[in-house]
Amino acid sequence: MFIKDDCTYRQMKQDSTMQWLESLLQSEDVVNRQGAKVTIEHIESLNRKIKELEERNALKDEYLKKLKQKIK
């Protein structure tokens with residue numbers, strides 16, 4: 001019934017970005033290393049926040065579905 005979104009392009013983009021950042025971590029330049037580290041940490045925090053918001057949204061959807069059934 002529901003079609004899963006195709007995230008292939010987004011996943012490829014994310015993987016290549018992470019690979020690039022990982023290569024910067026191996027760099028001799030301190031600024032690049034520290035910038036890559038901060039960027040990876042920020043991406044991880046954003047992914048955690050996205051997951052939290054998706055869980056909260058699913059909980060709200062479930063509540064609204066129950067409320068709708070209760071009204072009927």
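Let me open with a convention: a helix crossing is called left-handed if the near helix is turned anticlockwise from the far one by less than a right angle, and right-handed if clockwise. By that rule, the crossing of α1 and α2 in this structure is left-handed.

Before going further, a word on what we have here. This is a predicted model, where local features need pLDDT of at least 70 and side-chain atom pairs count only at pLDDT 80 or more, while totals for chains, interfaces and linings use all residues. Residues are numbered from 1 along each chain as its sequence is written, and side-chain values use heavy atoms, with hydrogens and water left out.

So, the helix pair. Helices here are DSSP runs of H or I with at least four residues, strands are runs of E with at least two, and both are numbered from the N terminus. Two packed helices are described by the angle between their axes and the distance between the axes. For helix α1, residues 8-25, and α2, that angle is about 145° and the axes are 8 Å apart. The axes are lines fitted to C-alpha atoms, for helices over the stretch in contact, and the angles run from 0 to 180 degrees between N-to-C directions.

Who touches whom? With contact meaning heavy atoms within 4.5 Å, the α1 side brings Q14, M18, L21, E22, L24 and L25. Facing them in α2 are N32, R33, A36, K37, T39, I40, I43 and N47.

Let's stop at M18, in helix α1. Leaving aside neighbours within four places in sequence, M18 is in contact with I40 and I43. M18 and K37 are 19 residues apart in sequence and 11 Å apart in space, C-alpha to C-alpha. Is M18 buried, exposed or partly exposed? Buried means under 20% relative accessible area, exposed over 50%, and partly exposed in between, with a 1.4 Å probe and protein chains only. M18 has 22%, so M18 is partly exposed.

Compare that with S27, in the loop between α1 and α2. S27 counts as buried because its relative accessible area is 18%. Again leaving aside neighbours within four places in sequence, S27 is in contact with N32 and R33.

A salt bridge here is a side-chain nitrogen of Lys or Arg within 4 Å of a carboxyl oxygen of Asp or Glu. How many does a search of the whole structure find? Three.

Two of these involve E52. With K49 the N to O distance is 3.8 Å, and with R56 it is 2.7 Å. E52 and K49 are three residues apart in helix α2, so about one helical turn separates them. E52 and R56 are four residues apart in that helix, which again means about one helical turn. E52 is partly exposed at 35%, as are K49 at 40% and R56 at 39%.

The other bridge joins E62 and K66, with the closest N and O atoms 3.4 Å apart. These two are also four residues apart in α2, so about one helical turn separates them. E62 is partly exposed at 43%, whereas K66 is exposed at 52%.

Finally, a nonpolar surface patch of about 450 Å² is made by Y63, L64, L67 and I71. Patches are made of residues with over 30% relative accessible area and no salt bridge, joining like charges within 9 Å and nonpolar side chains (Val, Leu, Ile, Met, Phe, Trp, Tyr) within 5 Å. The areas come from the Shrake-Rupley method with a 1.4 Å probe, and for residues only the protein chains shown count as cover.
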